[in-house]
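Please view the structure first.

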Amino acid sequence: MTATVHDEARRERSQARKERWHLLRRRPTFVFGSLIIMFWVFCAIGGEGVTTKDPNPTLSKLGTPFTKPFTDGYLFGTDSRGRDVLSRVMSGARDVFLVAPIAAILGVLFGTMLGLIMGYFRGWVDEVLGRLIDAVLAIPLILIALLVTTVLGKSKIVVIGTVAVLFTPIVARTVRAAVMAEAQLDYVTSAKLRGESAVFIMSREIIPNVTSPIIVELTVRIGYAVFTVATLAFLGAGPQPPSADWGLTISQEYGNVFGGQWWPATIPAIAIASLVIGINLVADSIEAVYNA
Amino acid sequence: MTLIDVTAESVSTAPALAVDNLEVAYMVRGIPRQVLRGVTFHVKPGEAYGLVGESGCGKSTTAFAALRYLPSNGVITGGKVMVAGDDVTAMTDKQLRQFRARDASMVYQDPGSALNPTLRIGKQVIESFTLLGDDKSTARDRALQALRRVRIADPESVMGRYPYQLSGGMQQRVIIAMALACDPSLLVLDEPTTGLDATVEAEVLDLVRTLRNESNAAILLIAHNLGVIRSMCDRVGVMYAGKIVEEARAQEVFDNPQHPYTDGLLKCLPRHGVRKNQRSLYTIPGTLPTIGANLPTCVFVDRCVLADDKCRTEAPPVVEVASEHSSRCHYPDKVSEIPDPVAGQSFDTSSEHRVVVRMEHVSKTFRQSGKSIPALVGIDLGLEDGETLGLVGESGSGKSTLAKALIGIHAPDSGGEMYLDDHEMPGMTTDRKSADKRAIQMVFQNPDSALNRNWTVRRILKRSVTKLTGVSGKEADERVNQLADVLRLTQRHLDLKPRQLSGGLKQRVAIARAFAGDPRVVVCDEPTSALDVSVQAAILNLLAELQGTNNTSYLFISHDLGVVRYLADRIAVMYLGRIMEVGTTDDIFGGPNHPYTEALLSAVPSVDGDGSERIRLDGEIPTPADPPSGCVFHPRCPRVIIGICDTDEPPVNEASLGHSIRCHIPTDELRVLQNIE
């Protein structure tokens with residue numbers, strides 16, 4: 001008896017998930033965004049296995065520098081060193097997919113914790129942390145990131161950590177607002193009355209009720225992370241040559257655009273733009289479905 | 001000449017609102033679900049017609065349909081609505097706009113959300129006149145006049161204010177002024193006083209009553225409060241599952257109901273001063289059918305005590321039981337034979353009256369931007385074993401603050417003490433011993449807020465059981481099942497989440513949780529105010545039963561004096577953070593009373609229609625940040641003695657043993673003033 005009723009509850013939960021999924025699938029923006037993301041994920045996972053040519057060929061295998069697109073079997077031409085642009089853009093997805101989502105997830109994680117504490121305890125805790133956040137947000141994001149990576153080195157871990165810390169205050173604000181509304185409800189009072197600890201109330205009682213804004217925040221943040229990581233790489237605070245990273249490639253090749261060789265810089269730029277747009281399309285759909 | 005005569009005559013006889021066989025359905029996921037199943041009633045000009053029934057019966061849908069103001073998924077599938085001779089159902093959009101601007105008005109439940117918070121009152125009132133074609137200065141003059149008409153003393157200054165600067169009662173006056181701007185032939189009032197205090201409610205109802213005499217508008221009043229309907233309406237229609245099941249003159253419906261549903265509704269109410277130890281309250285078995293349900297025969301058949309085979313196979317006709325009194329029932333003559341509920345729980349009144357919790361000189365001062373706001377001032381209160389102490393007073397009087405101080409959510413100011421049995425309790429629940437936490441629990445007003453919507457009922461109860469009693473595993477499961485049994489929750493309910501339960505079931509879960517650790521004291525903060533009367537009756541019965549078996553004490557907060565009278569053994573009356581009067585329920589309802597209690601008691605519109613003279617309370621409860629001098633009640637007191645009340649703190653007079661009144665007027669004088677033998 002109990003087991004069957006338990007199943008019923010579980011069925012009902014999966015039903016809600018299914019319904020949300022069904023709603024998502026019916027949105028063209030979600031489908032289109034997912035297709036873009038899926039393409040880049042495929043490139044990132046496949047790496048050299050799916051590229052048409054070797055992205056980092058040995059000296060002897062290099063083509064003629066600045067071969068134009070659609071010539072000599074180079075779909076998007078070659079770059080200033082004679083490497084295949086298409087293959088490099090495809091394999092460059094790997095760095096983005098490693099760094100951006102991890103950074104975003106960490107940022108959302110820290111931000112959620114901070115927001116929970118601020119929204120639940122309020123009072124002076126909220127005041128102090130709130131002013132700190134304001135201070136962090138007042139400094140230009142990219143400037144601190146550059147400073148930190150210059151001081152601490154340019155490894156992936158440093159980039160991930162920096163972006164995560166930069167995102168934390170922004171996420172914290174969103175979560176704080178949601179938690180504040182929840183903490184005023186009587187079930188929280190009731191939990192206090194039976195002697196629950198603050199940690200229990202925050203993690204078991206409140207968190208399950210604020211998952212929607214957190215999930216929405218996460219998808220939005222991943223999009224921003226792609227952008228921030230690429231910017232950092234462009235400015236030199238990220239992967240170093242001969243990495244095929246998009247931001248790095250753009251910074252190496254953009255000077256040639258004025259000389260008429262637009263493709264080595266423009267193609268990775270389009271890659272970044274398409275991925276960010278794809279993620280934002282998906283994020284918008286998720287937000288609409290969760291808030292409906 | 002003759003032509004004019006004819007029109008004049010036809011206007012005076014034609015109903016201002018004629019709803020004929022109206023059927024409305026809501027589209028839910030593409031499927032039409034029927035809500036109104038043929039509603040028919042007529043309202044004459046100048047007449048007030050009341051619609052009553054539980055939530056979900058279609059009252060509000062009828063009101064909205066009368067103005068064709070249904071939500072976007074609402075469709076009129078049949079019938080007709082005629083207002084002043086025009087068919088509302090056949091109007092074009094443009095005609096409809098004209099009709100709503102000139103012929104009909106509506107007053108909603110929440111005045112706060114009916115006014116635009118960013119615009120000054122003046123602008124909003126003036127707009128309702130410019131819409132009618134007045135130029136700016138005429139509109140302004142007429143707006144001032146309209147505000148004066150709804151008895152706003154200083155309309156010039158009110159027009160310059162924003163909605164948030166007005167009290168709820170004032171806001172509702174402004175809305176009524178706007179609704180009357182076009183001198184409508186139909187005025188729809190949808191729960192106009194729900195959410196207002198009894199004293200303010202009485203004020204608004206008085207106003208509507210006077211305005212009725214000044215205008216010829218037909219009034220359609222929707223209210224779940226039967227007392228309001230009785231005191232306001234000429235005729236009443238009782239709705240159930242989208243049909244009017246009984247219709248008659250107001251007095252007739254309430255004194256001589258001819259439909260089992262009406263009879264049940266009235267018996268659910270604690271009336272005629274009935275008390276918990278006299279009998280339990282009547283409850284209507286079952287629940288309202290869901291919208292769109294297929295009801296081919298009598299709509300009430302599943303919950304009716306009179307139902308037989310005929311009721312299950314044949315739709316009942318509308319029976320004219322007396323002149324202007326009709327009932328949709330096969331057996332209206334059997335209604336009066338429905339027996340009253342059985343005698344209630346016998347309460348052990350001979351218990352030794354041991355005090356469980358005691359508050360001594362408890363004060364609570366909040367600080368807000370440097371200002372101190374005393375929300376509780378010197379509260380002395382004790383609660384005996386197995387006793388219910390009712391706590392009444394207008395909103396803002398400090399009832400909830402007192403409750404929260406007792407349960408340890410607001411720490412009282414230093415100097416005050418709280419005792420459980422004979423040991424002192426720390427102010428905050430976090431500092432209290434687990435036995436103390438277990439001893440004092442709470443049932444909240446709104447179960448939606450009080451139950452975690454992501455937890456199953458089983459998890460909610462089990463967590464409370466393990467946390468409060470310390471048992472776990474199988475033992476805890478057993479205890480949860482036991483609790484569920486007592487509260488009449490089934491195993492199925494235990495595995496559902498709160499939103500899958502009805503309001504009454506949710507409140508049962510909340511009560512079960514409060515009782516998880518066999519508490520000594522349960523604080524009930526308006527536990528039934530969000531519920532329908534039949535559900536309220538079931539919950540009150542349950543609370544009484546639990547008290548009888550467990551000897552639990554209740555601190556019972558309610559604005560409904562009928563409910564308090566039913567459940568409470570003693571009553572404390574609060575005003576501005578102070579206890580003005582405390583005594584047994586008989587003391588409070590028998591008098592002599594503090595003038596504030598007197599006003600509160602007389603403000604309640606009664607279902608039984610005893611028309612005692614009402615005492616008007618002017619103004620509103622002052623802010624606790626800046627309490628009046630002397631007696632805090634003196635600016636509103638109808639019996640104020642200037643020279644004493646405004647300068648000196650009143651003494652506490654003992655009217656009889658255990659009945660004390662905080663007033664300058666000696667008790668004997670109060671007795672004379674209030675005509676008490």
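Helix 2 (residues 59–66) of chain B lies across strand 3 (48–52), strand 7, strand 8 and strand 9 (235–240) of chain B, and runs at about 150 degrees to strand 8 of chain B. The model is predicted: local features need pLDDT of at least 70, side-chain atom pairs count only at pLDDT 80 or more, and totals for chains, interfaces and linings use all residues. Residues are numbered from 1 along each chain as its sequence is written, while chains are lettered from A and ligands numbered from 1 in the order in which they are written.

**Terms**

- Helices (H or I, at least four residues) and strands (E, at least two) are DSSP runs numbered from the N terminus.
- Axes are lines fitted to C-alpha atoms, for helices over the stretch in contact, and angles run from 0 to 180 degrees between N-to-C directions.
- Residues are in contact if their C-beta atoms, placed from the backbone, lie within 7 Å.

**Sheet in chain B**

- Eight strands form an open sheet in the order 6-7-8-3-9-10-12-11 (chain B), with mixed pairing (at least two DSSP bridges between two strands).
- Strand 6 (104–107) and strand 11 (319–322) of chain B are the edge strands, each pairing on one side only.
- From one strand to the next, the twist averages 20 degrees.
- Strand 7 (residues 186–190) and strand 8 (residues 218–222) of chain B run parallel and are joined by five bridges.
- In strand 8 of chain B, B:Leu220 stands opposite B:Val188.

**Contact between chains**

- Chain B gives 23 residues to the contact and chain A gives 18 residues.
- Helix 17 of chain B gives the most to the side of chain B that touches chain A, with three residues.

Notes:
Contact = placed C-beta atoms within 7 Å.
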